[in-house]
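Colleague: I have the model open and would like to know what lies behind the labels you put on it. Could you take me through them?

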Amino acid sequence: MSYQPFGHQEYYTPPPPPAQTNGKSIASLVLGILSIVTPYIGLVFGIIAIILSAISLKEIHTRYEAGRGLAIAGLVCGIVGTIIYTILILLFILFIFAFNEMDTVNTFYGTSNI
């Protein structure tokens, strides 16, 4: 059995404070989710979310901040929202040209209801 000398104490060092969460990563996650959910301006929200998450990932790496998972989730949601609304806009434009072409063909050849 080992005895410690009188007056010898182990000092408790408190853990370091948690790292501060990067604000841009939170904003990128919110905008990424809005890019999926919000109609009409989801494409703009998605692009902004992608930019903010890229900036926040660089800041997190250099400043040793928290929020890397939030930034990655914002990046993924922003990419998904951007792809969804880009496809919807392209389909809308395609349908406009297709129906415009059908209308031109019908007026050129003439349609008769015989």
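Modeller: Gladly! Let's begin with a pair of helices: α1 passes α2 in a left-handed crossing. Keep in mind as we go that this is a predicted model.

Colleague: What makes that crossing left-handed?

Modeller: The label is given when the near helix is turned anticlockwise from the far one by less than a right angle, and the crossing of α1 with α2 is classed that way.

Colleague: And how are α1 and α2 directed, roughly parallel or roughly antiparallel?

Modeller: Their axes come within 8 Å and cross at roughly 155°. Angles over 145 degrees count as roughly antiparallel, so α1 is roughly antiparallel to α2.

Colleague: Which residues of α1 and α2 meet?

Modeller: From α1 there are K24, S25, A27, S28, L31, G32, L34 and S35. On the α2 side they meet G42, F45, G46, I48, A49, L52, S53, I55, S56, E59 and I60. By class, that contact has nine nonpolar, eight polar and two charged residues.

Colleague: Let's look at S53 in helix α2. Why is S53 called buried?

Modeller: Buried means under 20% relative accessible area. S53 has 0% relative accessibility, so it counts as buried.

Colleague: What does S53 touch?

Modeller: Leaving aside neighbours within four places in sequence, S53 is in contact with S28, A71, G74 and L75. A polar atom of the S53 side chain also lies 3.0 Å from the backbone oxygen of I50.

Colleague: G74 was one of the partners of S53. Is G74 buried or exposed?

Modeller: G74, found in helix α3, has a relative accessible area of 0% and is therefore buried. Not counting residues up to four places away in sequence, G74 touches S28, L29, G32, A49 and S53. G74 and L31 are 43 residues apart in sequence, with 7.2 Å between their C-alpha atoms.

Colleague: Now to the loop between α2 and α3, where A66 has its place. Why is A66 called partly exposed?

Modeller: The class in between runs from the buried limit of 20% to the exposed limit of 50%. At 26% relative accessible area, A66 is therefore partly exposed.

Colleague: Which residues does A66 touch?

Modeller: They are A19, Q20, T21, N22 and I60, again not counting residues up to four places away in sequence. A66 and S25 are 41 residues apart in sequence and 9.1 Å apart in space, C-alpha to C-alpha.

Colleague: Y64 lies in that loop between α2 and α3 too. How do you know that Y64 is exposed?

Modeller: Exposed means over 50%, and Y64 has a relative accessible area of 68%, so it is exposed. Y64 also has a positive phi of about 55° although it is not a glycine.

Conventions. Residues numbered from 1 in each chain as written. Predicted model: local features only at pLDDT ≥ 70, side-chain atom pairs only at ≥ 80, totals over all residues. Heavy atoms only, no water. Helix = DSSP H or I, 4+ residues; strand = E, 2+ residues; numbered from the N terminus. Buried < 20%, exposed > 50% of the residue type's maximum accessible area, 1.4 Å probe, protein only. Axes fitted to C-alpha atoms, helices over the stretch in contact; angles between N-to-C directions. Parallel < 35°, antiparallel > 145°, perpendicular 65-115°, else oblique. Contact = heavy atoms within 4.5 Å. Nonpolar A, V, L, I, M, F, W, Y, C, P; charged D, E, K, R; others polar. Polar contact = N/O pair within 3.5 Å; in protein donor to acceptor, adjacent residues only side chain to side chain.
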